[in-house]
Amino acid sequence: MRVLFVLFIVMPILEMLILIKVGSLIGAWYTVALVLLTAIIGVNLLKHQGLSTLMRAQRKAQYGALPVSEIGEGLLLAVAGALLLTPGFVTDAIGFALLSPAIRRELAKGVAKRMVVSGQTAYQSYDAGQAEYRKTHVESENGNVVIDAEYVEVKDKRIDP
(Lines give C-alpha, C1' and ligand atoms only; values in the text may rest on other atoms or scores of the structure.)
Protein backbone atom coordinates (compact mmCIF):
# COMPACT_ATOMS: atom_id res chain seq x y z
CA MET A 1 0.00 0.00 0.00
CA ARG A 2 2.90 2.36 0.71
CA VAL A 3 4.26 1.81 -2.78
CA LEU A 4 0.97 2.94 -4.31
CA PHE A 5 0.93 5.96 -2.03
CA VAL A 6 4.42 6.93 -3.17
CA LEU A 7 3.63 6.31 -6.84
CA PHE A 8 0.39 8.24 -7.02
CA ILE A 9 0.80 10.98 -4.43
CA VAL A 10 4.44 11.67 -3.65
CA MET A 11 5.99 11.17 -7.12
CA PRO A 12 3.81 13.72 -8.98
CA ILE A 13 4.39 16.29 -6.24
CA LEU A 14 8.13 15.65 -6.34
CA GLU A 15 8.13 15.90 -10.14
CA MET A 16 6.23 19.20 -10.05
CA LEU A 17 8.60 20.68 -7.49
CA ILE A 18 11.65 19.70 -9.53
CA LEU A 19 10.10 20.95 -12.78
CA ILE A 20 9.27 24.29 -11.15
CA LYS A 21 12.79 24.59 -9.73
CA VAL A 22 14.46 23.71 -13.04
CA GLY A 23 12.07 26.03 -14.88
CA SER A 24 12.98 28.92 -12.59
CA LEU A 25 16.69 28.24 -13.18
CA ILE A 26 16.80 27.74 -16.96
CA GLY A 27 13.39 28.98 -18.12
CA ALA A 28 10.07 27.32 -18.84
CA TRP A 29 10.65 26.66 -22.55
CA TYR A 30 14.09 25.17 -21.99
CA THR A 31 12.62 22.93 -19.31
CA VAL A 32 9.89 21.74 -21.69
CA ALA A 33 12.51 21.20 -24.41
CA LEU A 34 14.69 19.22 -21.98
CA VAL A 35 11.76 17.00 -20.98
CA LEU A 36 10.94 16.37 -24.66
CA LEU A 37 14.60 15.69 -25.46
CA THR A 38 14.93 13.11 -22.68
CA ALA A 39 11.75 11.41 -23.93
CA ILE A 40 13.06 11.25 -27.52
CA ILE A 41 16.48 9.96 -26.49
CA GLY A 42 14.89 7.48 -24.08
CA VAL A 43 12.50 6.07 -26.69
CA ASN A 44 15.36 5.57 -29.17
CA LEU A 45 17.46 3.78 -26.55
CA LEU A 46 14.42 1.75 -25.53
CA LYS A 47 13.89 0.61 -29.12
CA HIS A 48 17.46 -0.66 -29.42
CA GLN A 49 17.46 -2.35 -26.00
CA GLY A 50 14.06 -3.93 -26.69
CA LEU A 51 15.15 -5.37 -30.04
CA SER A 52 18.33 -6.73 -28.48
CA THR A 53 16.36 -8.41 -25.70
CA LEU A 54 13.86 -9.82 -28.19
CA MET A 55 16.66 -11.31 -30.31
CA ARG A 56 18.23 -12.97 -27.24
CA ALA A 57 14.84 -14.39 -26.25
CA GLN A 58 14.30 -15.80 -29.75
CA ARG A 59 17.74 -17.42 -29.75
CA LYS A 60 17.08 -19.08 -26.41
CA ALA A 61 13.65 -20.26 -27.55
CA GLN A 62 15.16 -21.76 -30.73
CA TYR A 63 17.49 -23.88 -28.59
CA GLY A 64 14.65 -25.05 -26.39
CA ALA A 65 15.57 -22.96 -23.34
CA LEU A 66 13.03 -20.82 -21.57
CA PRO A 67 13.90 -17.10 -21.99
CA VAL A 68 13.01 -16.28 -18.38
CA SER A 69 15.54 -13.50 -17.86
CA GLU A 70 14.60 -11.94 -21.20
CA ILE A 71 10.93 -11.92 -20.19
CA GLY A 72 11.89 -10.13 -16.97
CA GLU A 73 14.02 -7.67 -18.93
CA GLY A 74 11.12 -7.09 -21.32
CA LEU A 75 8.84 -6.24 -18.42
CA LEU A 76 11.43 -3.83 -17.04
CA LEU A 77 11.86 -2.25 -20.48
CA ALA A 78 8.10 -1.69 -20.63
CA VAL A 79 8.27 0.04 -17.25
CA ALA A 80 11.25 2.09 -18.47
CA GLY A 81 9.28 3.17 -21.54
CA ALA A 82 6.33 4.28 -19.45
CA LEU A 83 8.62 6.22 -17.11
CA LEU A 84 10.50 7.87 -19.98
CA LEU A 85 7.26 9.04 -21.59
CA THR A 86 6.00 10.46 -18.29
CA PRO A 87 7.03 14.12 -18.05
CA GLY A 88 9.53 14.70 -15.28
CA PHE A 89 13.14 14.32 -14.33
CA VAL A 90 12.80 11.74 -11.54
CA THR A 91 10.84 9.35 -13.74
CA ASP A 92 13.35 9.93 -16.55
CA ALA A 93 16.24 9.12 -14.22
CA ILE A 94 14.58 5.87 -13.14
CA GLY A 95 13.69 5.05 -16.77
CA PHE A 96 17.26 5.64 -17.95
CA ALA A 97 18.56 3.51 -15.07
CA LEU A 98 16.32 0.67 -16.26
CA LEU A 99 17.79 1.05 -19.75
CA SER A 100 21.22 0.25 -18.36
CA PRO A 101 21.83 -3.43 -19.20
CA ALA A 102 23.71 -4.13 -15.96
CA ILE A 103 21.00 -2.71 -13.71
CA ARG A 104 18.23 -4.27 -15.78
CA ARG A 105 19.83 -7.74 -15.72
CA GLU A 106 20.17 -7.65 -11.94
CA LEU A 107 16.55 -6.57 -11.52
CA ALA A 108 15.43 -9.15 -14.12
CA LYS A 109 17.10 -11.89 -12.08
CA GLY A 110 14.92 -10.87 -9.16
CA VAL A 111 11.84 -10.88 -11.40
CA ALA A 112 12.79 -14.30 -12.82
CA LYS A 113 13.17 -15.77 -9.33
CA ARG A 114 9.60 -14.73 -8.58
CA MET A 115 8.14 -16.22 -11.75
CA VAL A 116 6.17 -19.31 -10.78
CA VAL A 117 4.93 -21.99 -13.13
CA SER A 118 2.54 -24.53 -11.59
CA GLY A 119 3.91 -23.88 -8.11
CA GLN A 120 7.48 -24.55 -9.17
CA THR A 121 10.34 -22.41 -10.42
CA ALA A 122 12.11 -24.14 -13.28
CA TYR A 123 15.64 -23.60 -14.51
CA GLN A 124 16.27 -25.03 -17.95
CA SER A 125 19.46 -25.20 -19.93
CA TYR A 126 20.59 -26.12 -23.39
CA ASP A 127 24.09 -27.30 -24.13
CA ALA A 128 24.68 -26.46 -27.80
CA GLY A 129 28.03 -28.28 -27.90
CA GLN A 130 26.49 -31.68 -27.27
CA ALA A 131 23.06 -30.86 -28.73
CA GLU A 132 21.13 -32.04 -25.73
CA TYR A 133 18.24 -30.50 -23.89
CA ARG A 134 18.00 -30.87 -20.14
CA LYS A 135 15.41 -29.83 -17.60
CA THR A 136 17.78 -29.97 -14.70
CA HIS A 137 16.77 -28.22 -11.52
CA VAL A 138 13.27 -27.67 -10.24
CA GLU A 139 12.81 -26.02 -6.89
CA SER A 140 9.40 -26.16 -5.27
CA GLU A 141 7.91 -23.29 -3.30
CA ASN A 142 8.86 -24.84 0.03
CA GLY A 143 12.53 -25.00 -1.00
CA ASN A 144 12.80 -28.74 -1.62
CA VAL A 145 14.79 -29.75 -4.67
CA VAL A 146 13.01 -32.02 -7.12
CA ILE A 147 14.86 -33.52 -10.06
CA ASP A 148 12.62 -34.20 -13.04
CA ALA A 149 14.85 -34.92 -15.99
CA GLU A 150 14.21 -35.18 -19.69
CA TYR A 151 17.07 -36.02 -22.00
CA VAL A 152 17.20 -36.14 -25.77
CA GLU A 153 20.46 -36.91 -27.55
CA VAL A 154 20.83 -35.63 -31.09
CA LYS A 155 23.51 -37.36 -33.10
CA ASP A 156 25.52 -35.43 -35.64
CA LYS A 157 24.44 -36.67 -39.10
CA ARG A 158 27.01 -34.75 -41.12
CA ILE A 159 28.99 -36.70 -43.69
CA ASP A 160 32.73 -36.23 -43.36
CA PRO A 161 34.61 -35.84 -46.68
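This is a predicted model: local features need pLDDT of at least 70, side-chain atom pairs count only at pLDDT 80 or more; totals for chains, interfaces and linings use all residues.

Q: What makes E70 and R56 a salt bridge?

A: The cut-off is a Lys or Arg side-chain nitrogen within 4 Å of a carboxyl oxygen of Asp or Glu. For E70 and R56 the N to O distance is 3.6 Å, so the pair qualifies. E70 sits in helix α3 (residues 68–85) and R56 in helix α2 (residues 28–62), so the bridge ties together parts that are 14 residues apart in sequence.

Q: What makes E73 and R56 a salt bridge?

A: Their N to O distance is 2.8 Å, and the rule asks for within 4 Å, so this pair passes. With E73 in helix α3 and R56 in helix α2, the pair ties together parts that are 17 residues apart in sequence, so it is another link between these helices.

Q: Why is E73 called buried?

A: E73 has a relative accessible area of 2%. Under 20% is what the word requires, so E73 is buried.

Q: How do you know that E73 also pairs with R104?

A: The closest N and O atoms of E73 and R104 are 3.2 Å apart, which is within 4 Å, so the pair is a salt bridge. R104 lies in helix α5 (residues 101–114) and E73 in helix α3, so the bridge ties together parts 31 residues apart in sequence. Both E73 and R104 are buried.

Q: Which residues do salt bridges with shared partners join into one network?

A: R56, K60, E70, E73, R104 and R105.

Q: Now E15: why is it said to have no salt bridge?

A: The nearest side chain of opposite charge, K21, is 15 Å away. A salt bridge needs atoms within 4 Å, so E15 has none.

Q: Where is E15, and what does it touch?

A: E15 is in helix α1 (residues 2–26). Leaving out residues up to four places away in sequence, E15 touches P87, G88, F89, V90 and T91.

Note on methods. Residues are numbered from 1 along each chain as its sequence is written. Side-chain values use heavy atoms; hydrogens and water are left out. Helices (H or I, at least four residues) and strands (E, at least two) are DSSP runs, numbered from the N terminus. Buried means under 20% relative accessible area, exposed over 50%, partly exposed in between (1.4 Å probe, protein chains only). Lys and Arg count as positive and Asp and Glu as negative; His and the chain ends are not counted. Contact means heavy atoms within 4.5 Å.
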